Amino acid sequence: MEGALAKSPRFEIPGIANVVEGNGGLQKVRISSPGAAGEMYLHGAHVTSWKPAGREEVFFLSSKSRWEDERAIRGGIPICFPWFGGKADDSNAPAHGFVRTKVWQLESIARASDAVTVSMFTESNEDTKRWWPADFRLVHRATFGSELGLELVLTNTGTSSLRFEEALHTYHRVANIESARVRGLDTTHYLDKTDSNRKKQQDGDIVIVSETDRVYLNTEDAIELEDPVLRRRIIVTKENSHTTVVWNPWEEKARSFSDFAPDEWTQMICIETSNVADFAVDLAPGQQYRMKALVSIVDF
């Protein structure tokens, strides 16, 4: 499939969006349009880069990331599905589900003005049913332009209802995590995963001063990441997402990951559009669920 795809011109827009070999020999769609440059791998339908015209790279990507089958890429936007974190009833199941290490299929590439939309999909098969019995089709649609649009669309293709968690596990690049600020979650309750999942309430801006792993509950408003060193604000708005995860491993936890270089934890923060924990989604047979995020940048 992959070799045939690389030779097929039917998906490509010459000079604008091309299927090429990426790191580790994994295939990716490379976008070079007047609106933005970007990359999206078929491995996990994983967006690894977005640079709006005239601006710096928006996402963090670890220099030690493993570009291999069955391994998640460290950075960019991994997709967590159909569970978040460890699987509650199976400690041997892959963390954050199985789609982020699966080779997806390219569905379409389309251009509208200066933006390029890449759609990839994956479906249930014998391998996925080892871990999760549901029949499904999942589409990830990314629109690269002056803003980045992200859309996860799940269709229940089976005859039984299913329940799933999902997250766009977005690694935002910052100049220095200790000077970054996250706004938009003041007074929101969250589960503190570094403190036995105790429920707490946010007071003011989020300032990262230690390992941070929080699931903010019942969130629908826009989130703002301010980086005074890079002199920019990243705004994340969303639709049909009811939780927001904020994560930074800090020094000690980062050292336990072989795919983080020393001190790289100071250059990233994850702000994740999601539906997890008690906000997992129930989907009846034949029904579809669409979660969206829109990332934009304001310079200051």
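## Residue I77

I77 sits in the loop that joins β4 (46-52) to β5 (79-80). The strands, like the helices, are DSSP runs numbered from the N terminus, a helix being H or I with at least four residues and a strand being E with at least two. The structure is a predicted model, in which local features need pLDDT of at least 70, side-chain atom pairs count only at pLDDT 80 or more, and totals for chains, interfaces and linings use all residues. Residues are numbered from 1 along each chain as its sequence is written, and side-chain values use heavy atoms, with hydrogens and water left out.

The relative accessible area of I77 is 0%, so this residue is buried.

## Surroundings of I77

Which residues are in contact with I77, leaving aside its neighbours within four places in sequence? They are H46, V47, F59, L148, L150, L168, H169 and T170. Contact means heavy atoms within 4.5 Å.

C270 is 193 residues from I77 in sequence, while the C-alpha atoms of the two residues are 9.3 Å apart in space.

## Salt bridges

A salt bridge is counted where a side-chain nitrogen of Lys or Arg is within 4 Å of a carboxyl oxygen of Asp or Glu. The model has 24 salt bridges by this rule. Some of them form a network, which links E107, E123, R137, R141, E151 and R290.

E224 and R183 form a salt bridge in which the closest N and O atoms are 3.5 Å apart.

D195 and K200 meet through their side chains in a salt bridge with an N to O distance of 3.0 Å. D195 has a relative accessible area of 25% and is therefore partly exposed; K200 is partly exposed at 28%. In the salt bridge between the side chains of R233 and E226, the N to O distance is 3.1 Å.

Definitions and conventions. Buried < 20%, exposed > 50% of the residue type's maximum accessible area, 1.4 Å probe, protein only.
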